[in-house]
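Good morning, colleagues. Please look at the model on the screen while I take you through one of its chains.

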Amino acid sequence: MSDNHGQHDSHAHDSHGQHDEHHHEESFVSKYIFSMDHKTISRQFLITAVIMAFLAMMMSFLFRLQLAWPGEKFAIINFLLGDKWGKDGILEPGMYMALVTIHGTVMVFMVLTGGLSGTFSNLLIPYQIGARDMASGFMNMLSYWFFFLSSLIMIAAFFIETGPASGGWTVYPPLSALPQAMDGSKLGMTFWLVSMSLFIVSSLLGGLNYIVTVLNLRTKGMSMTRLPLTIWAFFITAVLGVLSFPVLLSAALLLIFDRSFGTSFYLSDIYIGGQALEQTGGSPILYEHLFWFLGHPEVYIIILPALGLTSEIISVNSRKPIFGYRAMIGSIMAIGFLSFIVWGHHMYMTGMNPFLGSVFVFTTLLIAIPSAVKAFNYITTLWKGNIRYTPAMLFAIGLVSTFISGGLTGIILADSALDINVHDTYFVVAHFHIVMGVSAILGMCAGVYHWFPKMFLRHMNKKLGYIHFWGTFISAYGVFFPMHFLGLAGVPRRYYSNSAFPMFDNLVDINVFITSFAILAALVQIVFLFNFFYSMFRGPKSEQNPWGANTLEWTTPMAHTHGNWPGALPTVHRWPYDYSKPGKDQDFVPQTVPLAEGEIDGGGH
Amino acid sequence: MIKFLVYIAIILTALAIGYLVRVFELASSLKGTKPEEITEKDNKLQAKLMLLFLIVLLGFTFWNLIEYAPKLLPVSASEHGVEIDWLFNFNMIIIYIVFAITQIFLFFFAFKYYGRKGRVATFIAHDNKLEMIWTVIPAIVLAVIIIFGLRSWNKITSDANPNSTIVELYAKQFDWTARYAGADNKLGKANYRLITATNDLGMDSTSAEGMDDIVVKNEIHIPVGKEIEFKFRSRDVIHSAFFPHFRAQMNCVPGMTTMFHFTPTITTADMRKDPFVVKQMAEINKLRQEKAKKEGRVEKPVEFDYILLCNKICGNSHYNMQMTVIVDTEADYKKWLAGKPAFYAKAAASKTVIAENK
């Protein structure tokens with residue numbers, strides 16, 4: 001975007017009389033649908049992700065009912081799934097598998113990858129680095145529409161005869177490759193693969209754009225070491241995505257070949273449905289390697305943006321600089337690098353060479369060090385602060401809490417000897433839901449509450465925000481903490497029912513406990529949904545810089561103008577964390593304020 | 001009709017919340033504050049809730065540890081499992097201490113430093129000494145964890161003793177079949193193309209080592225105090241053989257053979273007498289009786305058994321793919337095995353029977 005363009009547009013806004021002649025540029029379609037403006041695309045990503053998250057949550061609600069009260073009849077199951085999959089209100093086992101699978105896929109990819117990065121990278125990268133827009137608005141637009149199509153196809157699979165994919169979100173072959181193995185591996189699996197391929201295209205279009213924009217479009221004075229930590233997190237996330245998503249695409253392509261064209265990349269020596277298959281010489285382990293080569297960086301693709309948002313929100317609302325800015329950048333980079341050499345810890349039990357397992361134990365446990373540094377830095381940022389409890393701040397503190405709790409159990413799972421007995425049990429489910437599911441959702445909510453005034457120019461209701469936070473936070477621990485013990489009692493994940501084993505009969509009350517909190521969590525999200533859509537139109541109007549923040553997005557006018565700044569782009573003179581700096585008359589110093597004589601930038605004073 | 005009522009209820013709830021929000025906003029504007037402004041009162045309330053949450057969190061997690069302990073797996077019934085349990089507890093103690101300390105700091109700071117008018121936060125951007133300390137200490141603790149972990153891992157995954165008893169576990173949707181190697185302790189060759197209705201494992205009749213192999217379903221017996229080497233194969237999709245009581249697990253992957261070996265240390269009969277197990281089974285039977293009574297069924301009490309279950313999603317009946325594992329004394333095991341004819345002996349016998357019937 002050129003400077004001229006921005007000025008031209010703001011001109012149109014300022015004088016409404018001359019607006020008409022530019023009307024072709026502001027048509028409904030180009031402004032709200034096929035928009036190339038990063039602000040609109042960001043809102044499109046957010047609204048899509050909120051809807052997808054709600055759908056995925058409904059799925060978990062249905063299978064949680066089955067897990068707590070197996071065999072009981074629930075009118076809502078019949079109401080939503082019909083007689084085919086919910087006859088008399090009892091969930092059918094194949095549908096249970098499908099719900100678990102699509103819940104995982106939608107949450108991991110559509111909500112926490114597309115939704116989280118798509119919303120906040122798009123919103124904040126141009127705003128916080130002082131750019132008019134993304135490097136390529138057109139690619140950005142394509143990124144959203146591929147994402148939209150991919151989400152649509154993923155959900156559409158519920159409306160086909162054989163139902164959606166149901167081999168777990170990791171869709172390991174041969175289960176996912178053989179239509180004879182289960183109904184979900186028929187057409188539903190094709191939908192899954194098509195949807196994921198489109199998603200990968202979307203993710204690459206977005207990621208390349210983020211990287212190029214951060215590297216090339218920073219405004220004058222915005223050196224890499226003056227970037228807010230949000231941008232550092234989005235930048236490293238985009239690099240991880242660009243390096244790892246193509247590997248998933250190759251895994252998906254080979255799976256498509258095995259499914260439809262008779263190749264044997266993943267298949268060997270299989271006898272199924274009364275027939276010996278021709279395929280020989282392949283290995284399903286190859287798929288696992290390819291999948292987890294994306295799959296592990298993927299969990300950091302999910303959590304890093306949430307941590308980036310948290311860094312900013314904790315600093316702003318503690319009215320203190322983020323503690324250890326450079327150490328934070330260092331740990332983001334260390335986590336990013338290490339995330340590529342730990343994928344084997346998902347595969348200790350596959351029959352992989354035990355020595356190779358040892359190497360992965362070492363690299364995996366190394367990641368705990370930069371993660372610990374981040375957690376300590378957040379805690380120290382609160383120390384001696386003057387904390388303002390916006391709903392966003394509550395969610396950010398919640399993230400730090402769950403990131404620690406979930407991260408710590410990772411130490412058990414990273415240890416191959418200990419993994420033997422907890423691998424694929426509910427212990428794993430508890431671990432990853434707390435450390436990346438709940439944490440990333442809390443981070444995303446924090447971001448929504450904090451930047452809502454920037455996105456929709458209005459505030460969300462704070463009281464409903466408080467209710468939303470406490471309800472979500474309490475039920476997150478209520479749901480996922482007891483799951484550790486199910487795992488330690490030996491309960492495998494992805495079991496439709498535990499009633500086939502008398503040894504699990506004394507665990508029923510734990511499942512009822514978990515489901516009760518899951519229902520509470522779902523109800524509280526309705527409060528959020530209401531607050532979100534209501535405030536979008538009726539919330540109190542926001543000021544330009546409601547939180548007293550230093551970063552550049554709060555220097556833009558309170559209108560969505562094309563090109564972000566009506567005049568020249570702002571010039572940056574300092575790092576973004578000068579909060580409560582001694583000798584200043586207010587407790588924040590925006591990045592655009594020049595350094596005073598003798599003032600040291602970057603935390604010295 | 002019900003659908004209609006559901007929709008109406010949803011709409012009415014939304015409207016009700018909407019009006020409540022309006023009332024809040026009007027109330028705060030009457031008081032002269034902006035509804036979105038965060039007041040000192042808000043800060044104070046949230047700070048108190050933070051402290052309250054800390055207490056609830058520590059209480060809840062600790063209660064979980066105590067309350068659920070009797071529901072967990074009994075003492076390990078294998079030699080290496082005892083070491084795994086020790087290592088697990090060792091790690092868990094470290095983890096719980098770190099968990100408690102960090103959460104206490106987090107929520108206590110959140111409580112103590114809530115925003116007040118006229119207070120200014122202290123401008124501290126970094127502290128090299130502090131950062132060095134909290135990088136080095138986790139590194140040392142992790143080094144200890146890694147060393148202990150890998151020592152156990154290397155021991156558990158080292159090559160099996162050449163004298164160990166070889167048992168093959170063959171997985172398919174949705175059951176397990178076991179094959180004992182027989183007197184020569186060598187498994188015969190098998191090929192998936194030879195699978196027929198009577199030859200489930202695809203055993204190769206030209207393989208001399210397979211002549212004495214014994215094929216068993218539903219239940220396997222293994223001798224106590226003797227190392228067993230399990231070899232795993234799968235016919236269709238990936239399964240995972242999980243023996244929770246023995247702290248043993250290995251995936252069964254079509255196209256390759258995987259292995260895991262362990263030595264059982266407690267017979268099924270002895271485990272049934274273990275006080276922890278006795279108590280646990282009493283509770284389980286009580287719950288089962290209650291449920292049966294409610295459903296109007298008569299239910300026999302169940303006894304404790306070691307179990308092998310599938311732990312890798314393998315299809316719709318994944319949740320019910322199991323096999324009972326019985327650990328016998330050496331003598332009982334030999335007696336049980338002697339009662340099982342070799343696969344080919346059985347096959348020959350049944351052919352004779354068929355021939356005679358003709």
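I shall begin with the overall form of chain B and then turn to one pair of its strands.

Please keep in mind that this is a predicted model. Chain B contains eight helices and 10 strands. Its radius of gyration is 31 Å, whereas the globule rule gives 21 Å for 358 residues; the value is well over that figure, so chain B is more spread out than a compact globule. Along the principal axes, the C-alpha atoms of chain B occupy a box of roughly 100 × 70 × 45 Å.

Two further figures describe the chain as a whole. Of the 358 residues in chain B, 36% are buried. If we consider contacts in chain B between residues at least 6 apart in sequence, 67% of them link residues at least 24 apart.

Let us now consider the strand pair. Strand β6 of chain B covers residues 239-243, and it pairs with β7(B) in the antiparallel sense, over five bridges. Within this pairing, B:His239 lies opposite B:Cys252 of β7(B).

How many residues of strand β7 in chain B are buried? The strand spans residues 248-252, and five of its five residues are buried. B:Ala248, B:Met250 and B:Cys252 point one way from β7(B), while B:Gln249 and B:Asn251 point the other way.

Conventions. Residues are numbered from 1 along each chain as its sequence is written. Chains are lettered from A and ligands numbered from 1 in the order in which they are written. This is a predicted model: local features need pLDDT of at least 70, side-chain atom pairs count only at pLDDT 80 or more; totals for chains, interfaces and linings use all residues. Helices (H or I, at least four residues) and strands (E, at least two) are DSSP runs, numbered from the N terminus. The radius of gyration is taken over C-alpha atoms; the globule rule is 2.2 Å times the number of residues to the power 0.38. A residue is buried if 20 or more other C-beta atoms lie within 10 Å of its own, exposed if 12 or fewer, and partly exposed in between; C-beta atoms are placed from the backbone. Two residues are in contact if their C-beta atoms, placed from the backbone, lie within 7 Å. Two strands pair if DSSP finds at least two bridges between them.
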